[in-house]
Amino acid sequence: MAVGKEILTKIRSVQNTQKITRAMQMVSTSKMRKTQERMRLARPYADTVRLVMNRLAQTQADHGIKLLEEHKTKQRVGFILITTDKGLCGGLNANVLKKFFAQVQEYQDQGIDVEIVCLGSKGLLACQRIGLNVIASVTNLGDTPKMETMLGALTEIFRRYEQHELDVIHLVSSYFVNTMKQEPHSEILLPIGEAVFNEDDNQQRNWDYHYEPSPVAVLEYLVRRYLESVVYEALSENMAAEQAARMVAMKAATDNAANAIKELRLVYNKSRQAAITTELSEIVAGAAAV
C-alpha cells in the first residue's frame, strides 16, 4: 500500500492548500468592500477640486502657472505606474505592465527618453529587471493608501514637468469595472487637457469670490491638489481591482483544489481496490495449492 500512502499525502497537501486559498478568498472579499467604499469617497473630492479650479482658471487667463503650460516639444516623457505590492491576483499586473511596456516601447522607438515613478513593488521590479529609468518609487502602500507617503515621488515628477525636464506625464493603472472585470487604463495626466476645463456647466453667474492671498496662488494650490487627487483616485481604483482579482483567483484556486482532491481520492480508491483484489487472489491461490 505504499502507493496509497503517497496518494494520501498528496490529498492532505492539497487540502491544506485549499484551506489557505479559501481563507485568502474570504479576506479579499472583505477588503474589496472597503476599497470600493474608499474608491467612491475619492471621486467627489476630485470632482469638486476640478470644478473650483475650472471656475478660477476661467477668470485668470494670465496665471503663469507652469503646471498648466503645454510644452511645444516632446523630448522626454514621464510615467506614473501603479501596480500592486503583492501577487496572487490573476493577470492584473501582467495586463497593466503589458500596456505600459507597449507605450514605453513606442516612445523609445521614436528616440524619446522615458522616466518612471512606480507606485507598487511589482511595477518597480519589472522596470528594474529591464533597466528602465526609475526616478522615484513608493512600495508597501498597505491596505489604506495615504497621500503623505506618495507626496515625495509625485513632487519630484511634477517638479521635472515645471522645469521642462519632462514634456508629458502618463498615468497607468488598473481600472475597476466590476467584480469580475478589471481593465488596464492609461491617461495623460499632464498637460491637463482642455476637456477638464470644459466640463463645467454653462450656467451664467453674476457673482465672484475674493481669494486670499491671491487668485493665482489659490489656483496653483488647487492644480497640485487636483493632480494628487487624480493619482489617489487611480490608486484607490487599482486597490479595488486588486482585491476583486485576488478574490476571483483564490475562488478558482479553491475550486481547482476540490477537483484535484476528488480525482486523487478516485485514484486512491482504485489502487486500494486493486491491492485488496491482489491479496485475495494470493490467498485463494495459496489455499488451492494446499
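Helix axes are lines fitted to C-alpha atoms over the stretch in contact, and angles run from 0 to 180 degrees between N-to-C directions. The views below show a predicted model, in which local features need pLDDT of at least 70, side-chain atom pairs count only at pLDDT 80 or more, and totals for chains, interfaces and linings use all residues. Residues are numbered from 1 along each chain as its sequence is written, and side-chain values use heavy atoms, with hydrogens and water left out.

**View 1. Packing of helix α4 (residues 147–162) and helix α6 (residues 215–289).** The axes lie 11 Å apart at an angle of about 125°. α4 is therefore oblique to α6 (angles under 35 degrees count as roughly parallel, over 145 as roughly antiparallel, 65 to 115 as roughly perpendicular and the rest as oblique). Met-147, Met-150, Leu-151, Leu-154, Phe-158 and Glu-162 of α4 meet Arg-224, Leu-227, Glu-228, Val-231, Tyr-232 and Leu-235 of α6, contact meaning heavy atoms within 4.5 Å. These contact residues comprise nine nonpolar, no polar and three charged.

View 2. Helices are DSSP runs of H or I with at least four residues, and strands are runs of E with at least two, numbered from the N terminus. Gly-131, with a positive phi near 80°, follows α3.

**View 3. The hairpin of β4 and β5.** Two residues lie between these strands. β4 (residues 168–178) and β5 (residues 181–190) run antiparallel and are joined by nine bridges; strands pair if DSSP finds at least two bridges between them. Ile-188 in β5 is the bridge partner of His-170.

Definitions and conventions
Nonpolar A, V, L, I, M, F, W, Y, C, P; charged D, E, K, R; others polar.
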